[in-house]
Amino acid sequence: MPTAFDSVEVDFRHVTKRFALREGHTLREFASAIVSRKAWTNDFFALRDVSFTIARGEIVGIIGRNGSGKSTTLKLMAGVTAPSSGEVFVGGRVSPLIELGAGFHPDLTGRENVHLNGSILGMTSREIKEQYDSIVAFAEMEEFIDTPVKRYSSGMYIRLGFAVAVHSNPEVLLVDEVLSVGDSFFQEKSLAKMHEFREKGTTIVVVSHSAPLIENFCGRAIWLERGQIVDDGPAKEVLERYTHSQHEPHLI
Amino acid sequence: MARSEALRRTPLSSSLGPLGYLRHLADFWRRRDLLWHMTVRHLRGQYKQSVLGYAWAFVNPLSQMLIMSFVFSTILRVGTAGDAPYPLFLFVGLVPWLFFSSALASGTDSVTGAASLVTKVYFPREVLPTAAVLTKLVDLFFGFVILTMLMAYYGRLPEATVYWFPLLFGIHLIFVLGLTYPLAALNLYFHDVRFLVGVVLTLWFYMTPVIYPVTTVPDKYRWVFDLNPNAVLIDAYRRVILYGQEPDFKKVLVGAGIALVTFLIGYYLFKKMEAGFADSI
């Protein structure tokens, strides 16, 4: 829990996220909706009036079923999408470990993609140059670094993406199920890296279906259901209640 | 860890005051490293896996120039209103036009084409259309290489007034960016936009003095051409490169004004719509 105001790293204030679900993407559909006076869009609330703060250095797990608003919460933190109402504040450089390698260009080599992806994550060219060897070593890609990434296996792809993201010196790390990818050796290595971040005092937000990961790694858990916070507290207790509720679905 | 920065609101927001506008531009400038990497990414991706590679950047303008010269000069006998041979006259206008149209078309698709990025990571989204436009500078450069060879073939040198070119082209670049921003944003909401751009570009080509000199336009229609920055600039390119004349400053000034206003409004619209990008892809 945050102790002083200046140590707050993430601050959600009455955040509501409404999605407009649309049928199609052409003017014809838009025009026909106007003519028939039907609503063009169907509103769907991913988050309703959610408020919480995360202190600097806190490790928070977000749990909830599919469609409960977990990913939307991460996207709002990453600044990829804007709240429909309310405000989201974030302290430092946010690095999303969400679908690693999203910025990779298949025709470019691993080396070129390290530079591209690093700069997408907000690293300067100088930072990338300084970190380059360490990134390649971490990903264990020395051999294939000059091969176009389209020839990579999905595991190699993710390893390189992960390596760039963890070297971008994030102050807030957003983790979305990525620790479940790669071989077990790399998984262990990434988990070790995450622990390293924890020691350094990096704020980490984890979204995962894996109860053990959240229980072992996070101090605090937030339980979301239908876009609202059901429970927020020490990870162990929240998980217990969450797991309990899963066996009695009619309670929610 | 001692950090001085306070909490910042996440950058996406649909409200945009004058201060916010400047902050966005400053933010964009801070990310010029990314703009560079994106441009290189586009470039490297563009001709990879094609046998001729960058030679394609020569093939397109060269073949168009040959066929158009044949049709308009040999068959239709269009004059050049000057002492330049028709292929030269045509090419000085055609190269910037091809830049304009290919930049606009690829810029319009740039944000839609980067869906996987836009939904995952934040960076100033204008990097995408700007990189798409800058990529086309390479084609423009190759175009001017051909132009130089063509001039050598006809035994001509660029006139001394060619030093006006960078300024004129700067105006052109601002104009095309200003048009690209809102189109790239709108294309996310309505996929019709890309088709519309194709149609408009074809019409615009005929309404721009690329294949004919602007002096042949009847006086009562001249104002349309004076308000078309493409027409004004292409006429000015011909003057400074081929005829050794100064550009028509009054017209260029109007064109520059239109380009600047287009840029300011276009950038504003783009930033206004940016907040909804990830939700609309």
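Reader: In strand β5 (residues 94-97) of chain A, are the faces covered or open?

Author: Both faces of β5 of chain A are covered. On one side A:Val94 and A:Pro96 are buried, and on the other A:Ser95 and A:Leu97 are buried. Keep in mind that this is a predicted model.

Reader: Which sheet does β5 of chain A belong to, and in what order do the strands come?

Author: The sheet is open and has 6 strands, in the order β5-β6-β7-β3-β8-β9 of chain A, with mixed pairing. The strands β5 and β9 (228-234) of chain A stand at the edges with a single partner strand each, so one side of each has no neighbour in the sheet. On average, neighbouring strands of this sheet are turned by 15 degrees against each other, ignoring direction.

Reader: How many bridges join β5 of chain A to strand β6 (residues 172-176) of chain A?

Author: There are 4 bridges, and the two strands run parallel. At A:Leu97, the bridge partner in β6 of chain A is A:Val175. Further along the sheet, strand β3 (residues 59-63) and strand β8 (residues 220-225) of chain A also run parallel and are joined by 4 bridges. There A:Ile63 stands opposite A:Trp223 of β8.

Reader: Which strands does helix α2 (residues 70-78) of chain A lie across?

Author: Helix α2 of chain A lies across β3, β5, β6, β7 (203-207) and β8 of chain A, and runs at about 150 degrees to β6.

Reader: What describes two packed helices?

Author: The angle between their axes and the distance between the axes. In chain B, helix α6 (residues 127-153) packs against helix α7 (residues 165-189) at an angle of about 135 degrees, and the axes are 9 Å apart. That angle is why α6 of chain B counts as oblique to α7 of chain B. The crossing of these two helices is right-handed.

Reader: Which residues make the contact between α6 and α7 of chain B?

Author: From α6 come B:Pro129, B:Thr130 and B:Val133; from α7 come B:Val176, B:Leu177, B:Thr180, B:Tyr181 and B:Ala184. Of the residues in this contact, 6 are nonpolar, 2 are polar and none is charged.

Reader: Why does B:Pro61 count as buried?

Author: A residue is buried if 20 or more other C-beta atoms lie within 10 Å of its own. B:Pro61 has 22 C-beta neighbours inside 10 Å, so it counts as buried. This residue lies in helix α3 (residues 56-75) of chain B. Leaving aside neighbours within four places in sequence, B:Pro61 is in contact with B:Leu94, B:Val95, B:Leu98, B:Gly143 and B:Ile146. From C-alpha to C-alpha, B:Pro61 and B:Asp139 are 9.0 Å apart in space, and in sequence they are 78 residues apart.

Terms used. Residues numbered from 1 in each chain as written. Chains lettered and ligands numbered in written order. Predicted model: local features only at pLDDT ≥ 70, side-chain atom pairs only at ≥ 80, totals over all residues. Buried ≥ 20, exposed ≤ 12 C-beta atoms within 10 Å, placed from the backbone. Pairing = 2+ DSSP bridges. Axes fitted to C-alpha atoms, helices over the stretch in contact; angles between N-to-C directions. Parallel < 35°, antiparallel > 145°, perpendicular 65-115°, else oblique. Left-handed = near helix turned anticlockwise from the far one by under 90°. Contact = placed C-beta atoms within 7 Å. Nonpolar A, V, L, I, M, F, W, Y, C, P; charged D, E, K, R; others polar.
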